[in-house]
Amino acid sequence: MSALASAKDRLAAVRPKGRISPWWILIGLAAALFLLSVLQLVTGADDLASSGTIRATLIATVPIALAGLGGLWSERSGVVNIGLEGMMILGTFGAGFFGYHYGPWVGVLGAIAMGAIGGLIHAVATVLFGVDHIISGVAINIIALGATQYLAALAFSGLPGGGQTQSPTLRDVNSITIGPLSDALGDIEGSGIFFVSELAAGLRALVTELSLLVLLALLLFVLTYFVLWRTAFGLRLRSCGESPAAAETLGVNVYRYKFIAVLVSGGLAGLGGGFLALVASSNYRDGQTGGRGYIGLAAMIFGNWRPGGLLAGSGLFGYTETLGLRRGGESVHALLLLIAALLVIVAIWQWRRLRHVSAGVSAVIALGAAALYYSTDAVPGDFTRMAPYVTTLLVLAFASQRLRMPAADGQIYRRGTAG
Amino acid sequence: MTPRMTRIALGIAAPVLALVAAFLITSLVLLIAGDPVGEVWSTILSVPATRNIANIINSATVLYISGLAVAVGFRMNLFNIGVDGQYRIAAFAAAFVAGEAWLPGYLNTLLAVVAAILVGAAWAGIAGVLRARRGVSEVISTIMLNAISTYLVAYLLRQAAVQEQGSNIIATREIPEGSRIPGFSLSDQAGTTVYGFVFIAILLGIGYWVMLNRTRFGFDLRATGRSEPAAIASGIDTKRMIIYTMLISGGIAGLVGLPILFGAAYSYGSTFQSGLGFAGIAIALLGRNHPIGIALGALLFAFLDEQSNPLQILVDVAPDIVKITQGIIVLTVVIAYEVVRRYGLRIEQRQVAQALERPAGEKSEVSA
């Protein structure tokens, strides 16, 4: 009886942690935008929150977010998926091949299908044959890279504009522009009123040339949340990731759920790759994914294996990636000031909680960032591009104790071992 | 068959089974794509010329060191995916030190090699400390460190490099002739020079074996890899073991680029070979973390790479087809070992059951 009560207590204590409701995301977005407006006012780096930057951020965020969503499905069922990168690569080829021959929307389906093939290999290896998840993932990354290079040489050589390492130009999927609204918001953005201008820029990015695939990606997030956390199917799937033995004793077909999850995972990562080929650029190119599968995985861990947190993490990565491309030196230089200010707050907070060592570390880093801000004019491009990875490493180093992955994540489960 | 012979036969059966499966799957891919299967294999499996043999030994040397670096981690259940970043940043450091030539002759070489080991170890050590002290998965942290090292090296290269005249390739200062590691030729023909570093690689393999099997540290390492709770119970400081193992793995990884640096390239430029770390993972798996197995795996991968080069010219097939083969080998090897292990277990059980039945002369309950 007491054991049950304490288990309940523990559940109650665990539940609210790491949860981000949709409202918090909106409030967080508004807060981020507000901070950026302040920063623009203080530093004069006016490309931090322009509608161009925000639109580019959306485009950069979606592939990472889709890969991360793929990781979420897979890891919630207990299968670690390092192979996301390979599945994305397969997706870029699928979009290139089917998109060129049959039009962009078939290209989207082709990307999903190619990614799902990668997922199938991963599922067969890890679930049926009990191969270590990371080994299988590494193998899939090797196979996918070789296979796409081989197939691309076969499929695109000799086509107009195509070659061994790239496909011909692909048609884009449809996008929406609400003309009058876009123009009106453009006027407000140009007015330069503090915060209002930035808010208008954000809204304008949403109504100007918004790709339907971006909408689809957002929809998939909502759908994932609903399916995994609000249906019996999702509960069973997640139970395979928490305790497959317990799930099996309750009659859940663990192998089947893991198979479905990993297949969906591959399809989502493939869609992310397809997005890169169809929307973010205009053709398939060798090496197009550039490690975004790994970043997606990092974003998922950053987001504590939850869709909301994952989306926030992907947004952070997408934003830093965008700044790296658009007048990055100046923008990231301005961000140094923000980092310094935030770290000072963290240091004060930690000091009050009597964590003097970590408060000291935060304060020193804050001082360093501020010194760097006042002593330089721009951050070199290499460091700008390094920023997302360093951020992930820092987040993992300082928050890893707060993260909770599915209890049986990465463990090999063999049917019939439930006893 | 005696149990010992059975075990050896099963040990050989697994890699053979894996290679045959990989061969069949690759053939299937070629068939579906409509490429000439027979001609592809006859090109790849033809006898290599002396020049090709030298190339195979050279790239196998590099892959072997990479495989050893990964294998050290594997023996302790640590997944060092970061060999790729570690060897690139270490090779850059070595090239910079050797290019500056602060010391004369081979002292300069020695200093550069030590610098490479230290830098590689330090870079891997970050992941080790994060894992031991903060519980961060070394898989994720080394992936992040790989990306960071790419940009860091690119930045440092631009600071330290000298621009070659008339080209936009930038590289570190060239290593002076007295500090290069000489190779030896397989024949009188040009282009058949084998890296002198191959002997260092062999010594490294022996050292790896001795460290793991003949030292207290190696015992602790393997014990921690087999069962962490048991290791803790027997008084091993597993956290410290994690950091040490990552340092050793990174130190070996630091050597990966050096055969190329001191034997062929003589400088670190933006075109320095990348991706050797990921091949090392595959090779360590293929060789079951055993120094001789890793050597065979490295030779196999080098053989496939070298022999696939003329495919494009001879039979108009993209040489990338062997990457598919290599990736499939990684999967089939692991699966084959698992299948063979289960089969061997069943044989053993049957033998035990028979042995129990015979002397008693009555039916035994256990006849699995």
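Predicted model: local features only at pLDDT ≥ 70, side-chain atom pairs only at ≥ 80, totals over all residues.
## A helix to start with

How many of the 19 residues of H14(A) are buried? The count is 17, so this helix is largely enclosed by the rest of the structure.

For the complex, the predictor reports an ipTM of 0.84 and a pTM of 0.86. Chain B has a mean pLDDT of 88, with 95% of its residues at 70 or more.

## Chain A overall

Chain A is built with 17 helices and 2 strands. Its radius of gyration is 23 Å, close to the 22 Å that the globule rule gives for 419 residues, so chain A is as compact as a globular protein of that length. Laid along its principal axes, the C-alpha trace of chain A spans about 70 × 65 × 40 Å.

Buried residues account for 48% of the 419 in chain A. If you take the contacts in chain A with a separation of 6 or more, 77% of them are between residues 24 or more positions apart.

## Chain B overall

Chain B has 15 helices and 4 strands. Its C-alpha trace covers about 90 × 60 × 35 Å along the principal axes. Of its 368 residues, 47% are buried. Among its contacts between residues at least 6 apart in sequence, 74% join residues at least 24 apart.

## Where the chains touch

Now for the contact between the two chains. Chain A puts in 36 residues and chain B 34 residues. On the side of chain A that touches chain B, the elements giving two or more residues are helix H6 (133-156), helix H13 (292-302) and helix H17 (381-399). H6(A) supplies the largest share of that side, with 14 residues. Sorted by class, the side of chain A that touches chain B comes out as 26 nonpolar, 8 polar and 2 charged residues.

## The nonpolar core

The largest nonpolar core holds 224 residues, and the members that touch the most others are Leu66(A), Leu63(B), Ala91(B), Ala94(B), Ala116(B) and Val330(B). The element that gives the most to this core is helix H12 (residues 254-280) of chain A, with 15 residues.

Setting aside neighbours within four places in sequence, Leu63(B) is in contact with Leu276(B), Ala279(B), Gly280(B), Ile283(B), Ala298(B), Phe301(B) and Ala302(B).

## A valine in chain A

Val332(A) sits in helix H15 (residues 328-352) of chain A. Is Val332(A) buried or exposed? It has 23 C-beta neighbours inside 10 Å, so Val332(A) counts as buried. Apart from residues up to four places away in sequence, Val332(A) touches Leu323(A), Val379(A), Thr384(A) and Ala387(A). Arg385(A) is 53 residues from Val332(A) in sequence, yet their C-alpha atoms are 9.9 Å apart in space.

## Loops in chain B

The loop between helix H3 (50-74) and helix H4 (83-100) of chain B contains Asn80(B). With 30 C-beta neighbours inside 10 Å, Asn80(B) counts as buried. Beyond its neighbours within four places in sequence, Asn80(B) has contacts that include Ala69(B), Val70(B), Glu138(B), Thr142(B) and Met246(B). From Asn80(B) to Ile53(B), 27 residues away along the chain, the C-alpha separation is 30 Å.

Asn77(B) also lies in the loop between H3 and H4 of chain B. Asn77(B) has 15 C-beta neighbours inside 10 Å and so counts as partly exposed. Its backbone deserves a look: phi of Asn77(B) is positive, about 60°, although the residue is not a glycine. Another non-glycine residue with a positive phi is Asp316(B), with a value near 55°. You'll find Asp316(B) in the loop between helix H14 (311-315) and helix H15 (321-360) of chain B. Asp316(B) is partly exposed, with 13 other C-beta atoms within 10 Å.

Key:
Residues numbered from 1 in each chain as written. Chains lettered and ligands numbered in written order. Buried ≥ 20, exposed ≤ 12 C-beta atoms within 10 Å, placed from the backbone. Contact = placed C-beta atoms within 7 Å. Core = buried A, V, L, I, M, F, W, Y, C linked by C-beta atoms within 7 Å. Nonpolar A, V, L, I, M, F, W, Y, C, P; charged D, E, K, R; others polar. Rg over C-alpha atoms; globule rule 2.2 N^0.38 Å. pLDDT = per-residue confidence, 0-100.
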